[in-house]
Amino acid sequence: MEKTVSLQLLNTFGIDCQATNLIEIHSEDQLKEYVLSASRKKSPELILGGGSNVLFTQDFQGTILLNKMRGIEVVSEDHDSFVVKSAAGESWHELVLFCVEHHMGGIENLSLIPGTVGAAPVQNIGAYGVELKDVFESLEAIDLCSGEKIQLHAAQCHFAYRNSIFKNALKGKYMITAVCLRLSKKPVFKTSYGAIEEELNKSGDAISIKSISDAVCRIRRSKLPDPAEIGNAGSFFKNPEIGMEQYQALLAKYTDMVAYPTSLSNQMKVAAGWLIEHCGWKGKRFGQVGVHPKQALVLVNYGGGTGKEVLDLSQRIVDSVMDTFGILLEREVQIL
Ligand code: FAD
Ligand code: EPU
C-alpha cells in the first residue's frame with residue numbers, strides 16, 4: 001500500500017485525515033516542471049496554503065500542492081503609492097506587518113487574518129470595513145493543465161463578498177503564484193467599523209497605520225479562537241444578504257436583529273452570528289465539536305472531532321436558521 005501523508009497539522013480545524021501524496025511548491029519553475037512532467041499522476045489535486053478556510057470531511061485521494069513560494073518586493077512607486085508584489089506562499093499577516101513597518105497604507109485593517117497571500121484573492125478576504133479588492137492590483141497564476149502563466153487584473157477576478165472567479169469558473173484550475181497590491185503613501189484610515197475607534201480611544205494611541213493594525217489584532221485576539229488552541233476556520237458561514245422586504249418583515253418581529261446596508265439599496269446583510277445565536281446554538285458542544293461560546297459564527301473542533309461531525313452540525317444550524325427566519329446560510333469554508 002502507498003504511504004499516505006497526514007494533513008492534521010496542515011488544516012486549522014486540526015482534522016485528522018490523510019492525503020495520498022503531497023508536494024511542496026517552492027517556485028514557479030518547479031510548479032511548471034511538475035505540471036508538464038510525464039510522470040505526473042492523473043489523480044485529483046488540491047492547492048493548500050495555510051489550510052485555514054477548508055474542512056476535510058474525508059481523506060483526500062490525490063496530491064496536495066502545498067504552497068511554499070516566498071518573497072516580498074516593492075516593484076514600483078509613484079507620488080502616491082507603492083506596488084508591492086508578494087509570492088503566494090508568504091503568510092498574509094507577515095505581508096501586513098511588512099507594509100505596516102514600511103508605512104504603506106491599505107491592509108492594516110486586514111491584520112491577523114490567517115493563511116497565505118495566494119489564498120487571499122480566492123475569497124477576497126475582508127475584515128473591519130476593508131476587502132482585498134480595495135488594494136488589489138493584479139495576480140499571477142499557473143494553469144494546472146498547460147503550465148502557462150497568466151496575469152489577471154481586478155476586473156477579471158470577479159471579486160465580490162467572500163467570492164471570486166477562483167471559487168467559480170476557475171476553481172481548482174490555476175495555482176496563484178504571486179499577488180500585487182497597490183498601497184498608499186497617504187492612507188485614508190478606516191476606523192468607523194466595529195470597535196476600532198473604541199479600541200484606539202482605550203489605548204490612547206494616535207491614529208496611524210501601526211495603531212490601527214495593533215487595535216485590530218487586539219480586537220481579533222479577544223473575539224476569535226486561536227486555531228493553535230482550538231481548531232476552527234474563522235466564520236463558518238457568510239453573512240447572508242437578503243431583500244429589503246424580507247428584512248423589514250423580520251425586523252418587525254425581531255427588533256434587535258443586527259444587519260448592515262450593502263452596495264445595493266434593496267439588500268441588507270444580516271449578521272449570521274446573531275441568527276445562529278438566536279436559534280440557541282451559541283456555546284453548544286456536541287462531543288468534540290461545537291459552536292464557539294464567544295462567536296456563534298465560528299464552529300470549533302475541541303480536539304479529535306471529525307470533519308463529518310462539523311459538517312453535520314453545520315447542516316443542523318442551516319436547517320434551524322431556515323426554519324426560524326427563512327434565510328439560507330451559505331458556507332464560507334471550502335468543504336472537501
Ligand atoms: P487554504 O485554507 O489553504 O485554502 C482555501 C481555498 O483556497 C482552497 O479552496 C484552496 O484550494 C484555495 N487556494 C489556496 N491557495 C491557493 C493558491 N495559491 N491558488 C489557488 N487557490 C488557492 N477570512 C476573511 O476573509 N476574513 C477574516 O477576518 C478571517 N478571519 C479568520 C480567523 C480565523 C481564526 C481563521 C482560522 C480563519 C479566518 N478567515 C478569515 C479565513 C481564512 O483565513 C482566509 O480565507 C484565508 O485567506 C485562507 O488562507 P489559506 O492559505 O489558509 O487558504
Ligand atoms: N453577533 C451576535 N452573536 C454572535 C456573533 C455576532 O449577535 O455570536 C452579532 C453582534 O451584534 C455583532 C455582529 O453580529 O456586532 C457582527 O459580529 P462580528 O463583528 O464579530 O463580525 P461577523 O459579521 O461575525 C465578519 C466576518 C469576519 C470578520 C469580521 C470583522 C463574515 C462571514 N465574517 O464577522 O471574517 O473578521 O466581520 O470584520 O463576513 C471570516 O471570514 O472567517 C471572518 C472571521
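**Two ligands and the residues around them**

Helix α7 gives the most to the shell around ligand 2, with three residues. Helices here are DSSP runs of H or I with at least four residues, strands are runs of E with at least two, and both are numbered from the N terminus. This is a predicted model, in which local features need pLDDT of at least 70, side-chain atom pairs count only at pLDDT 80 or more, and totals for chains, interfaces and linings use all residues. Residues are numbered from 1 along each chain as its sequence is written, chains are lettered from A and ligands numbered from 1 in the order in which they are written, and side-chain values use heavy atoms, with hydrogens and water left out.

Staying with ligand 2, there are 23 residues around it, and Y128, Y161, E277, A296 and E332 come nearest. A residue counts as near a molecule if one of its heavy atoms lies within 4 Å of it. On its own, ligand 2 has 820 Å² of accessible area, and the protein covers 82% of that. These areas come from the Shrake-Rupley method with a 1.4 Å probe, and for residues only the protein chains shown count as cover.

The elements that give two or more residues to this shell are α5 (209–223), β13 (231–235) and α7 (272–278). By class, the shell around ligand 2 holds eleven nonpolar, five polar and seven charged residues. The nonpolar class is Ala, Val, Leu, Ile, Met, Phe, Trp, Tyr, Cys and Pro, the charged class is Asp, Glu, Lys and Arg, and the others, Gly among them, are polar.

Ligand 1 has its own surroundings, made up of 33 residues, with I47, G49, S52, T116 and Q123 the closest. S52 puts a polar side-chain atom 2.6 Å from an oxygen atom of ligand 1, while a polar backbone atom of P114 is 2.9 Å from an oxygen atom of the ligand. R220 turns up here too, with a polar side-chain atom 2.7 Å from a nitrogen atom of ligand 1. Taken alone, ligand 1 exposes 980 Å², of which the protein buries 93%. At least two residues of this shell come from each of β3 (45–48), β8 (126–127), β12 (174–184) and β13. The class count for ligand 1 is 16 nonpolar, 15 polar and two charged residues.

Zooming out, the protein is divided into domain 1 (2–67), domain 2 (72–184) and domain 3 (231–335), with bounds taken from an automatic or database domain assignment. The C-alpha centres of domain 2 and domain 3 lie 27 Å apart, and the contact between them takes six residues from each. Domain 2 and domain 3 each also supply at least three residues to the shell around ligand 2.

L31 sits in helix α1 (residues 28–36) and is buried, with a relative accessible area of 0%. Buried means under 20% relative accessible area, exposed means over 50%, and partly exposed lies in between (1.4 Å probe, protein chains only). Leaving aside neighbours within four places in sequence, L31 is in contact (heavy atoms within 4.5 Å) with I25, I142, L144, M175 and T177. S86, in strand β7 (residues 81–87), is also buried, at 1%. Beyond four places in sequence, the contacts of S86 include G71, L95, V117 and T177. F98 belongs to helix α2 (residues 92–101) and touches I72, V74, V84 and M104, not counting residues up to four places away.

Most residues other than glycine have a negative phi. H158, however, has a positive phi near 50 degrees, and H158 lies in the loop between α3 (154–157) and β12. R162 is in the loop between α3 and β12 as well, and has a positive phi of about 50 degrees although it is not a glycine. R162 is buried, with a relative accessible area of 14%.

Methods: Polar contact = N/O pair within 3.5 Å; in protein donor to acceptor, adjacent residues only side chain to side chain.
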